[in-house]
Amino acid sequence: MRMIAGFVFALLGAMIAPPAFAASINGAELGILWALPFAGILLSIALLPLLAPAVWHHHYGKITAAWALAFLLPFAASHGTGNAAHALLEVALHEYIPFIILLLALFTVAGGVRLLGNLHGSPSLNTTLLLIGTVIASWMGTTGASMLLIRPLIRANDNRKHNVHVVVFFIFLVSNIGGALTPLGDPPLFLGFLKGVDFFWTTQHLFAPTLLVAVILLGLFYAIDSYYYRKEGITPSDPSPDSPIGMEGGINLVLLVAIILAVLMSGMWKPGVTLSVFGIAVELQNLARDLLLLVITGLSLKLTAKESRDGNGFSWGPIVEVAKLFAGIFVTIIPAIAILRAGQDGALSGLVMLASNADGSPNNAMYFWLAGGLSSFLDNAPTYLVFFNMASGDAAVMMGKLGTTLLAVSAGAVFMGANTYIGNAPNFMVKAIAEEMQVKMPSFFGYMAWSCLILLPCFALVTMVFFR
């Protein structure tokens, strides 16, 4: 308790009079044990909801805080409370707070749009809805697009005997792959944007691999859905009553455009003004963006009818959980990133060498599969950061001579989040909603059977085309 109190006082002191002795962390001096809290929190997120769901549901905030303190307290003891406080404030102001504010804005705005009416599921209609969701996911986020479309899609197919494949492909396309084209689409890409990757770099460079995978999956879905549709013959009467097609909360579409403009502004407007917030340099355009996003969030809450949000099943639970979990992730990833930046001089030199060719250049195929493989079982946002920093950590270098490596990391983190239920946040949310609406979703490993059979050959093709 004395150590915790000391750290809190040091943090308050850093806010009032930031320590001049705070220095960047030398990753070459850190042993592998410093990365254990980061590994621990990711494994907790991946495994505890499956192995001990009741414990995780009630205590995930405490578990996350425990892993964060498992890094902060020893680091404060060995490197000084001032340095620990400075590192914590820096990651909060530069990465965590902007990250959570964007997710909050997208979550709130998307949750205010409600589609009305009952459609009748057919291969053509279902494929069209998946296509629409895939396209809009890059602009309103995979979570927003998933929450907007999953209920109408399930209602459209609630008289179908075979409808599990509809939700599985929805997770593949709308909850994951569709978010690859802008930093708004998926959290890993927004972290890249915060690191300095241009907003439209992902649109330009990920368009071809995204198009390739999306066309294959949509075509395969249409074939599978057509087979089941013909097999079912005359379907029973639709249990959902017919009602006119419509939309509530349309003002949120305007606010979504405002979010896009605010993020674009922060990437294009460079006034050259830097503010000191508790001794941490914060650029004016980034501060303005975050304030605008908070204003947009407030406008969405004020201008959207409560009935529309209630009809969407909107609640603050998911965003609160994300905020708590990522607070721990961003803290514990501090030493891991420092070690990776040390390259072959760091404790993770083996991982660096595994992803490198004999001449020391990046092995882009390995970056794709390593980033993707970990993103399948761990959260894809911190996984992206790990490999982004392992390759260089410098956005200008990554967009330049290491452009293919950045493409591999980005595509791996976004695409392969679809491999399991725990690879990306919307996956579990969609599964829960589907089960609530009486869709018998496959088990954890049953879903992986679908993804291994369908997605892995697609990713092998992506490797051959783009990363040979």
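Predicted model: local features only at pLDDT ≥ 70, side-chain atom pairs only at ≥ 80, totals over all residues.
Local features were taken at pLDDT of at least 70 and side-chain atom pairs at pLDDT 80 or more, whereas totals for chains, interfaces and linings use all residues. Residues are numbered from 1 along each chain as its sequence is written, and side-chain values use heavy atoms, without hydrogens or water.

The largest nonpolar core holds 138 residues. Such a core is a set of buried Ala, Val, Leu, Ile, Met, Phe, Trp, Tyr and Cys residues joined through side-chain atoms within 4.5 Å. Buried means under 20% relative accessible area, exposed over 50%, and partly exposed in between, for a 1.4 Å probe and protein chains only. Leu130, Phe172, Leu217 and Ile259 touch the most other members of this core. Helix H4 (residues 81-110) gives the largest share, 15 residues. Helices (H or I, at least four residues) and strands (E, at least two) are DSSP runs, numbered from the N terminus. Beyond four places in sequence, Leu130 is in contact with Leu153, Phe169, Phe170, Leu173, Val174, Leu218 and Phe221. Contact means heavy atoms within 4.5 Å.

A cavity is a set of points where a 1.4 Å probe fits but cannot get out. A pocket is an open set with protein on both sides within 12 Å along at least five of seven lines. Lining residues have an atom within 4 Å of a point. Grid points are joined across faces, edges and corners, and a volume is the space filled by probe spheres set on the points.

One cavity of 30 Å³ or more is present. The volume of the largest cavity is about 30 Å³. Its lining consists of Leu153, Ile154, Asn157, Asn163, Val166, Val167 and Val439. Helix H5 (123-156) and helix H6 (164-173) each contribute at least two of the lining residues. Five lining residues are nonpolar, two are polar and none is charged. Here Ala, Val, Leu, Ile, Met, Phe, Trp, Tyr, Cys and Pro count as nonpolar, Asp, Glu, Lys and Arg as charged, and the others, Gly among them, as polar.

The second largest pocket has a volume of about 1,100 Å³. It is lined by 43 residues, of which Glu90, His94, Glu95, Leu194 and Lys195 are the closest to its centre. Elements giving two or more lining residues include helix H7 (187-194), helix H9 (251-268) and strand E4 (280-283). The largest share, eleven residues, comes from H4. The pocket lining comprises 26 nonpolar, eight polar and nine charged residues.

Phe190 lies in helix H7. It counts as buried because its relative accessible area is 1%. Its contacts beyond four places in sequence are Pro98, Phe99, Leu102, Pro183 and Val263.

Pro426 belongs to helix H18 (residues 425-436). At 1% relative accessibility, Pro426 is buried. Pro426 touches Thr142, Thr143, Ser146 and Ser175, leaving aside residues up to four places away. Ile171 is 255 residues from Pro426 in sequence, yet 7.8 Å away, C-alpha to C-alpha.

Ser44 sits in helix H2 (residues 36-51). Ser44 is buried, at 9% relative accessibility. Its side chain makes a polar contact of 3.0 Å with that of Trp67. A polar contact is a pair of N or O atoms within 3.5 Å; within protein, one must be able to donate a hydrogen and the other to accept it, and residues adjacent in sequence count only if both atoms are side-chain atoms. Beyond four places in sequence, Ser44 touches Pro49, Trp56, Ile63 and Trp67.
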